[in-house]
Protein chains: 2
Amino acid sequence: MNVTIYDVAREANVSMATVSRVVNGNPNVKPATRKKVLGTIETLGYRPNAVARGLASKRTTTVGAIIPDISSIFFSELARGIEDIATMYKYNMILSNSDQNPDKELTLFNSMLEKQVDGIVFMGGKISEELLQQFEKSPVPIVIAATVQGTGDIPTVAIDYEQAAYEATNLLVSHNHQHPAFVAGETEIETNNEKYKGYLRAVTEHNVEVKQEYIVKSTNTYDAGLKAAQQLAELSDRPSAVFVSSDEMALGVIHGFQDIGLNVPEDIEVVGYDNTRLATMVRPTLSTVVQPTYDIGAVAMRLLTKLMNKEEVTDKNVTLPHRIIERNSTK
Amino acid sequence: MNVTIYDVAREANVSMATVSRVVNGNPNVKPATRKKVLGTIETLGYRPNAVARGLASKRTTTVGAIIPDISSIFFSELARGIEDIATMYKYNMILSNSDQNPDKELTLFNSMLEKQVDGIVFMGGKISEELLQQFEKSPVPIVIAATVQGTGDIPTVAIDYEQAAYEATNLLVSHNHQHPAFVAGETEIETNNEKYKGYLRAVTEHNVEVKQEYIVKSTNTYDAGLKAAQQLAELSDRPSAVFVSSDEMALGVIHGFQDIGLNVPEDIEVVGYDNTRLATMVRPTLSTVVQPTYDIGAVAMRLLTKLMNKEEVTDKNVTLPHRIIERNSTK
DNA sequence: CTGAAAGCGCTAACAG
DNA sequence: CTGTTAGCGCTTTCAG
């Protein structure tokens, strides 16, 4: 049998309540008794049972994080931001992968509520109507990170995906490419849609007729980027610039062009999105949209701590700044 | 107030025990009552409280994972393996980053025990004496993944790091490089030490005198690889082949050489370690040691489920197979 | 500053 | 097949 608060109380000749007080740092304890209790805690090797505590206090100091795929370079950085701040505020994090599967998201959400988490950070592609409803009647606060929610009113931390894409496309336009191409990840993912909108806005703004063959919709992988580049290169009127919806795809695009003898940026300029570590791990180094991934996670978790603490939060929707960083994949 | 098992019992005109039985899938319930209970669970929107359940049953169906850094491409893949199997066996995973800091590892370990996790998967660089002692008197099973433990006797899942490094170096030797160079990550990390040993064994086996300047000890980052390449290239008798202790560093090494006009593999061959996704995201593509990262995580978690279940486990130390994959960074 | 006592919501014998 | 009854280990009033 493990040593319990009761054992400590008996051994130290105090009540359970007093032991509980010193364990929880309650100031209403005479220094002498505090010291005595601390001593017997030490000798007995007492370790508080967080489950019992959670049942009694209705707070578990545990948060849930629903993430599409922790092995993705983008999301793992987000997760790190969440976890760091969670730890800073003494929370543990239950992490689950959803693969952006709506059913799984629902299941995970409910499973986390059963575990009595104090709050949840959600990341996903698209928030289904049903999930949104569940979010809205959630007994604990939820923060959505790096994810676009359509109709809902859940606190969110993200950047302006549309505007950033607009600016990235415009960088290319300003380099005398009237009509850059666009390589997109899954369009079921709302952030990708926003990027698409921003791209379109930049292109159409210059009175260009949009060439559908310049828009490649695919999946967010390196290999898809590789293929997209091939496809674009084969066009009779090959584009001279490409905006890609993620760094990983952009690396694929760059290599796809290089593999068939095209030079980046001389023959074709490329801009990515996210500024993951990959952006500097390629030659030429990648010009890209800086999305402060780690910070999004950190800010989302910080916001969640406030919500869990029932603190006044003036702005439940925070939009973090983005910028474009020019490296060598553009001139 | 939330709806409890008691509410369901009253509403369904049965006892708490019966409700508990149907919730837990206990077969000793008449189909008719089961149906009735399920019905009122539905209408009342009852959601079992896992914390109360954990307190009563002394099982939380939660495991802990201590990981150096989830944002690392290597560890995030490991984590995905762990989480997938955890989910498969109905466990949740509490994930914490240690940054390989011994104090943090100790703290995290104890914090997870307080949370009453049913088991722990540990990944790290080096297991401190104190941590090992704590592991040995842990009340719940622990599995060590992708980590070399010195003296301890804790169940472990890994590959033979030394042998794999030996083979990788030998591949280079067989390509007529008598004395390949070695670029190593932190030597405080035991797996790196094993790689070093394997490298040395291959080199000395051929009666070569080891040139200390061919051994670059650094940190496991892309930038460190970049610098290491420069350093090696400046040597009066530049090596003609390099074995690198991780893919990420290897990418840096390749680019470091390329940046000063050297060609890989013509002027210098490069072999990496891990076969992360990075290995194919570089030109030339990287020859590397295949470490089944995801599988290590998956197998470790599977082993942990058996241990938690008190099943008979014949082999507490599993060594997964490795192999060398030749791509274009070698001839 | 300290103690007594009543739960938190559930499981697990045990009895029938 | 079902109900009764103790707890699990801790927090939290409420008194004093």
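Predicted model: local features only at pLDDT ≥ 70, side-chain atom pairs only at ≥ 80, totals over all residues.

Student: At roughly what angle do the axes of α1 and α2 of chain B cross?

Tutor: Helix α1 covers residues 5-12 of chain B and helix α2 covers residues 16-23. Their axes come within 8 Å. Angles of 65 to 115 degrees count as roughly perpendicular, and the crossing is at roughly 110 degrees.

Student: Which residues of α2(B) meet α1(B)?

Tutor: By class, this contact has six nonpolar, one polar and no charged residues. From α1(B) come I5(B), Y6(B), V8(B) and A9(B). On the α2(B) side they meet M16(B), V19(B) and S20(B).

Student: How are α2 and α3 of chain A arranged, and which residues of α3(A) make the contact?

Tutor: The axes of α2 (residues 16-23) and α3 (residues 31-44) of chain A are 10 Å apart, at an angle of about 85 degrees. That angle is why α2(A) counts as roughly perpendicular to α3(A). The contact has six nonpolar, no polar and one charged residues. V19(A), V22(A) and V23(A) of α2(A) take part, and from α3(A) come R34(A), V37(A), L38(A) and I41(A).

Student: How much area do chain B and chain A bury between them?

Tutor: Each chain is represented in the contact: 52 residues from chain B and 52 residues from chain A. Carbon and sulfur atoms account for 52% of the buried area. The area buried is about 4400 Å².

Student: How many salt bridges does the rule find across that interface?

Tutor: One salt bridge joins E248(B) and R277(A), with the closest N and O atoms 2.7 Å apart. The side of chain B that touches chain A has 21 nonpolar, 17 polar and 14 charged residues. Between the chains, 30 residue pairs are in polar contact. The number of salt bridges is eight.

Student: Which peptide bonds in chain A are cis?

Tutor: Most peptide bonds are trans. P265(A) is in the loop between α11 (247-259) and β9 (269-274) of chain A, while P284(A) lies in the loop between β9 and β10 (287-290). The cis bonds include V264(A) to P265(A), with omega near 5 degrees, and R283(A) to P284(A), with omega near -5 degrees.

Student: What is phi of T61(A)?

Tutor: Most residues other than glycine have a negative phi. T61(A) sits in the loop between α4 (50-57) and β1 (62-67) of chain A. Its phi is positive, near 45 degrees.

Conventions: Residues numbered from 1 in each chain as written. Chains lettered and ligands numbered in written order. Heavy atoms only, no water. Contact = heavy atoms within 4.5 Å. Buried area = accessible area lost by both parts, 1.4 Å probe. Salt bridge = Lys/Arg side-chain N within 4 Å of Asp/Glu carboxyl O. Polar contact = N/O pair within 3.5 Å; in protein donor to acceptor, adjacent residues only side chain to side chain. Nonpolar A, V, L, I, M, F, W, Y, C, P; charged D, E, K, R; others polar. Axes fitted to C-alpha atoms, helices over the stretch in contact; angles between N-to-C directions. Helix = DSSP H or I, 4+ residues; strand = E, 2+ residues; numbered from the N terminus. Parallel < 35°, antiparallel > 145°, perpendicular 65-115°, else oblique.
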